[in-house]
Amino acid sequence: VQCCDEVEDAISRSDFPEGFLFGTSTSSYQIEGAPFEDGRGLSNWDVFSHTPGKIKNDENGDIADDHYHRYLEDIELMSSLGVNVYRFSISWTRILPRGIYGDINPNGIMFYNKIIDNLLLRGIEPFVTIHHHDLPQELEERYGGWISLLMQRDFVHFAEICFKSFGDRVKYWTTINEPALVANYAYMKGIYAPGHCSPPFGNCNTGNSDVEPLIVVHNMLLAHAKAVELYRKHFQAKQGGTIGIVAHSVMYEPLRDEECDRQAVNRALAFLIPWVLDPLVFGEYPAEMHSILGSQLPVFSLKEKSLLKGSIDFIGINHYGSLYVKDCSLSACSLEADHPITGFVEVTGIRDGVPIGDQTGFSWFYVVPRGMQKLVDYVKIRYHNIPMYITENGYCSPLKPDETMHDLLQDVKRIDYHKAYLAALLRAIRKGADVRGYMIWSLLDNFEWANGYEIRYGLYHVNRDTHERIPKLSVQWFSSFLNNTIRTN
Ligand code: BGP
């Protein structure tokens, strides 16, 4: 057994540090539905999901899990699971239907007040994402959303309303979900709203993918830092909360046992995780990006650097799986990998015909529990052990054509996945990583963005017609894990 290989230790909730948060994670557009109810405005995802050909089977989030009408039932489900945290996001257009150009919608404030109050009544901490992909379409139409620096102002305006309205009760805030993934999916590949891409990253000819992804992350980082500055100045001391960001975090391993692939792993990581986190901890983009992108990389002013530096109290980590990385700086690979914005690397899940781990229902996610330990170690070392929360970790069941409801509900592989990933996380914690929470993606099967309802991460299955929540076997496992506090060591 090498350094981080899977050892199947039996783990229990009480093996984790005192006060550790265990819960589930969701986001507004993926579960709420009710897009036009009680004054909610049109979002970029309403428009994108209704554009033919963008989403698998042309599905959309119009109803999703009908959580808008069933939030109480969902909170009851979480309460009976025994979680002590729930991560969810606030729909920007429920609060500000037209972004900065209109009034606050009191019904939106009321909806999230009810969620927060009902969670707290049951001893569940709200862990709130301010922005998780969905934003007012009006901001998209007026100036192109995150491409414009006006978004920095508009995001801060939205965040301020959230702090003012909910900060007396919300102690865990994250500003933006996965900036690097948005850059990649929405502004390189064109598979997320607003669907910008250009060759070689996709077949549409909107946007200029050379610069747009870099500008989008730049604006998101500055929007984050400005919101945090405001929070720290006016709210944090009074409200006693903490604030961070959520990073999309794949773990990488060298494809070949060669130095060039080990270097490629460093670049692949730098172009994903430090791209977002280095500026927020050190005030500057990673050296690996500077040396490849040079003057293409947007520049922070001195004032911006000092605003960014130290602008996170904690790091939210979304982690699902690992991939192999191959160096493409010495010899050409694919057209995509030959583009500087990828850091001259190629990623793959397969080496010599053998996958890096069990395949899941999402083609890029392989089950590699050791990746959790490696990733947490990497973040711990690079960022001097800033507190971390695993804000998403989940197993996507492969879709079988002849699948029965019985198969779907007997999700043994999901249980094995979480057990193994939790054991790997525990190993990292025992080696000193300051990880304070673990949230399963997801409470419910939901609208999985470009994949519609076809891929499923939920502990509960949701009947697409009746919206009934049906517990999978993993519900039993998670609740007995959460309720069993016997130490195994
Ligand atoms: C993360 C998102 C979630 C969720 C999850 C599942 O990137 O923050 O919103 O969708 O991934 O991933 P996917 O839908 O790509 O399979």
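1. A residue counts as near a molecule or strand here if its C-beta atom, placed from the backbone, lies within 6 Å of it. On that basis 15 residues surround the ligand, and the closest are Ser-27, Asn-177, Phe-362, Glu-448 and Trp-449.

2. A word on ground rules: this is a predicted model, where local features need pLDDT of at least 70 and side-chain atom pairs count only at pLDDT 80 or more, while totals for chains, interfaces and linings use all residues. Numbering runs from 1 along each chain as its sequence is written.

3. Back to the ligand: its shell splits into six nonpolar, six polar and three charged residues. Nonpolar covers Ala, Val, Leu, Ile, Met, Phe, Trp, Tyr, Cys and Pro; charged covers Asp, Glu, Lys and Arg; the others, Gly among them, are polar.

4. On the fold as a whole, the protein chain has 18 helices and 17 strands (DSSP runs numbered from the N terminus: helices H or I with at least four residues, strands E with at least two). The radius of gyration is 21 Å, close to the 23 Å from the globule rule for 489 residues, so the chain is as compact as a globular protein of that length (taken over C-alpha atoms; the rule is 2.2 Å times the number of residues to the power 0.38).

5. Buried residues make up 54% of the 489 (buried: 20 or more other C-beta atoms within 10 Å of its own; exposed: 12 or fewer; partly exposed: in between; C-beta atoms placed from the backbone).

6. Have a look at α12, residues 274-282: seven of its nine residues are buried, including Trp-275 and Asp-278. Gly-283 follows α12, with a positive phi near 85°.
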